[in-house]
Amino acid sequence: MLRNYNATVAKIMAIYGKRIRPQDYTEMMNKQNVSEVAEYLKRNTHYNELLSSIDTNTIHRGMLENLLRRSVFETYMRITGFEHISKQEFYNYKILQTEIDEILRCIRFINAKSQKLITDVPIYINHLTSFDLLELAKITDFNELLTFLKKTPYYDVLKHIHLGKDGLVDVTKCETLLRSYYIERLKSSLHFKKSDVEQFVMFLDSDIDFINIINAYRLTAFFGASDEEIERDMLPFYGKLSAAKQKEIYSAPNSEEFIKRFSKTYYGKQMIENGYDINSLEQSAQRMRYKYAKLMLKRSSSAPVSVYSFIFLLEIEVQNLISIIEGIRYGIEVNKIASLIIM
């Protein structure tokens, strides 16, 4: 018999109730420096425990950002450990995500002929990953990376990747393959009751649609990529945007036509109905992703949907805070910082 894990769902909602509010973002955007932001977080938000032993007068931007990112994973571990749901494969998805992120970072450093700083490695997760993150950080050659990954599933995902004539690894192709592997693995681990699976797949498919649209728009607007190039780099999964509909959008000759075609889709109409600026497509798509996750969390009593959507929302919250911290650090105007906040 499949358990409901109602206590986990209740715990998530209790934590979510302490989330950063719009007025908190406004207060922080008007601070003068990073220390003042850290002090506000320490005094007025659920990050008080995280920062309780930190001297906010001496904290620097990098340290605060790393603490905030780490807090997401620690919250995830508390939630999945609460009723021991981490024993089920699905609930280890965050570890899988981190492994893929670190492999991709390694490839980018290989292309840059540089080496990752050990201080950038999320060492706090190292006891849970299928390979040693510290050893991964030392790799400077793609063939060496493949050898390192030989005993992991990632080897089969990447083994047919070859260096280009310029000696560089095709990072985009690697990312498409690894993200596709992640989605397939995630879907194959959905051993829950039918209604939970249907809810989760609906949410995941819409999120993939948005990821594809955001990436396709970037390729069109900033690189003038052809529809064949765009289609090659997209995740091969489809929600409410069918393969045919996506192909129609990708073939747009420019960003203006791309937006025009997208505006006629289910998601485009939803953006317009919600009052989002469809001409700021990337930002509006991120806001729709946030809105969908928020709706799924509030409406669902399903543990897998609750865990996944809540952690997604928490990641957005941390990214909002990082946007504020970096905006203040680099003297960006308040209205510009505000435009970056996803709510």
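A: Two residues are in contact, or touch, when they have heavy atoms within 4.5 Å of each other. The model is predicted, so local features need pLDDT of at least 70 and side-chain atom pairs count only at pLDDT 80 or more, while totals for chains, interfaces and linings use all residues. Residues are numbered from 1 along each chain as its sequence is written, and side-chain values use heavy atoms, with hydrogens and water left out.

Leaving aside residues up to four places away in sequence, Ile95 touches Phe73, Tyr76, Ile125, Leu128 and Thr129. Ser130 is 35 residues from Ile95 along the chain, with 9.0 Å between their C-alpha atoms.

The loop between α4 and α5 (93-111) holds His84, whose phi is near 60°, a positive value in a residue other than glycine. His84 counts as exposed, at 52% relative accessibility.

Helix α4 (61-82) also takes part in the second largest pocket, as does α1 (6-16), each supplying at least two lining residues. A pocket is an open set of points on a 1 Å grid over the protein atoms alone, with protein on both sides within 12 Å along at least five of seven lines, unlike a cavity, where a 1.4 Å probe fits but cannot get out; lining residues have an atom within 4 Å of a point. This pocket holds about 390 Å³ of space, and of its 13 lining residues the closest to the centre are Ile15, His46, Glu49, Thr75 and Arg78. Grid points are joined across faces, edges and corners, and the volume is the space filled by probe spheres set on them. The largest share of the lining, four residues, comes from α4.

Of its 343 residues, 49% count as buried, and residues 24 or more positions apart account for 62% of the contacts with a separation of 6 or more.

Notes: Buried means under 20% relative accessible area, exposed over 50%, partly exposed in between (1.4 Å probe, protein chains only).
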